[in-house]
Amino acid sequence: MAEYHIPVLFEESLEALNIRENGIYIDATFGGGGHSKGILAKLGPEGKLFSFDQDADAKLNSSNLKTDKRFTFIAANFRHMAKYLRLFGIKKVDGILADLGISSHQIDEPSRGFSTRFDGPLDMRMNQEADIKAFDVINKYAEKDLHKILGMYGEVKNAKTLANAIVVARSTKKIETIAELKALLNKFTPRGKENKYLAQVFQGIRIEVNQELEALKEFLLQTPDLLNTKGRLCVIAFHSLEDRLVKNYIRSGKFSGDVEKDFYGHEIRPLESIIRKPIVASASEMERNGRARSAKLRVAERK
């Protein structure tokens with residue numbers, strides 16, 4: 001498990017969950033199982049942990065914990081969390097943890113197509129049984145949709161120009177590999193910012209392939225009803241689009257960030273933030289794990 005993925009903000013997130021020995025907890029993004037193992041280590045014999053992940057490799061990793069009767073792995077996206085928990089008779093939980101980052105294993109496996117460091121197929125699916133691949137986005141989406149994906153999800157400044165270039169290039173020959181896509185991107189990449197630009201383009205495509213922002217919204221909307229009073233929600237985000245959704249939802253119960261008020265002028269917020277600013281990684285963690293640099297942990301409590 002340790003080789004599969006190094007959990008970011010490990011101690012901080014476990015502390016933020018405020019784990020009770022006999023409580024029921026959810027690890028919404030199992031990955032390599034690091035956070036799940038940490039939660040189980042703090043649970044007593046009556047505690048329970050339900051871990052979700054749609055990735056087949058994550059399911060394989062979960063087999064290391066299958067002898068622990070307190071642990072249940074659910075092979076599904078966390079957007080379906082409440083539905084699956086009902087199948088196990090679970091209506092309320094004491095804490096929910098979600099690490100929204102891609103696992104180190106997914107990044108380092110060339111065949112998955114997540115990394116700009118390797119050549120490989122244009123895939124980027126977290127659920128390898130899903131229909132839409134990065135290939136489909138690049139080769140089949142309309143120019144206006146590519147513009148939106150690159151501009152909104154990837155925050156690419158020359159998104160319109162790049163979308164047009166992709167459509168022109170694919171009209172002659174389909175773009176099938178990471179190397180072919182990178183070759184096309186080269187002429188549009190700002191000098192000195194090559195790595196950042198590639199990362200932004202890949203982020204935009206990956207978010208679309210996996211419907212990440214939609215899944216995050218559906219997940220967050222379920223949390224207030226699932227959490228017991230004083231139950232904790234802990235979310236680790238790695239880019240501003242995710243973090244903004246989490247921040248706004250915790251602050252107002254809405255993704256726009258606008259706080260709704262009742263007839264008497266009292267703010268209607270299902271969750272209460274218990275930290276003023278997000279928790280970030282220490283300098284030593286950032287040195288050990290470069291992925292930790294962009295991580296932000298936000299913590300909320302059910303009123």
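**Helix packing and aromatic pairs**

Helix H11 passes helix H12 in a right-handed crossing, that is, with the near helix turned clockwise from the far one by less than a right angle. The model is a predicted one, in which local features need pLDDT of at least 70 and side-chain atom pairs count only at pLDDT 80 or more, while totals for chains, interfaces and linings use all residues. Residues are numbered from 1 along each chain as its sequence is written, and side-chain values use heavy atoms, with hydrogens and water left out.

H11 (residues 212-226) and H12 (residues 240-252) pack at an angle of about 20 degrees, their axes lying 11 Å apart. The two helices are therefore roughly parallel to each other (angles under 35 degrees). Among the residues in contact (heavy atoms within 4.5 Å), Leu 213, Leu 216 and Leu 220 of H11 meet residues of H12 that include Leu 241, Leu 245 and Tyr 249.

Turning to the rings, five aromatic pairs are counted, with ring centres within 6.5 Å.

Phe 78 and Phe 219 are stacked, at 4.5 Å centre to centre and 10 degrees between the planes (stacked means under 30 degrees). Phe 219 brings the account back to H11, since the pair ties this helix to the loop between S3 and helix H4, 141 residues apart in sequence.

Conventions
Axes are lines fitted to C-alpha atoms, for helices over the stretch in contact, and angles run from 0 to 180 degrees between N-to-C directions. Helices (H or I, at least four residues) and strands (E, at least two) are DSSP runs, numbered from the N terminus. Angles under 35 degrees count as roughly parallel, over 145 as roughly antiparallel, 65 to 115 as roughly perpendicular and the rest as oblique. Rings of Phe, Tyr and Trp (its six-membered ring) pair if their centres lie within 6.5 Å; planes under 30 degrees apart count as stacked, over 60 as edge-to-face and the rest as tilted.
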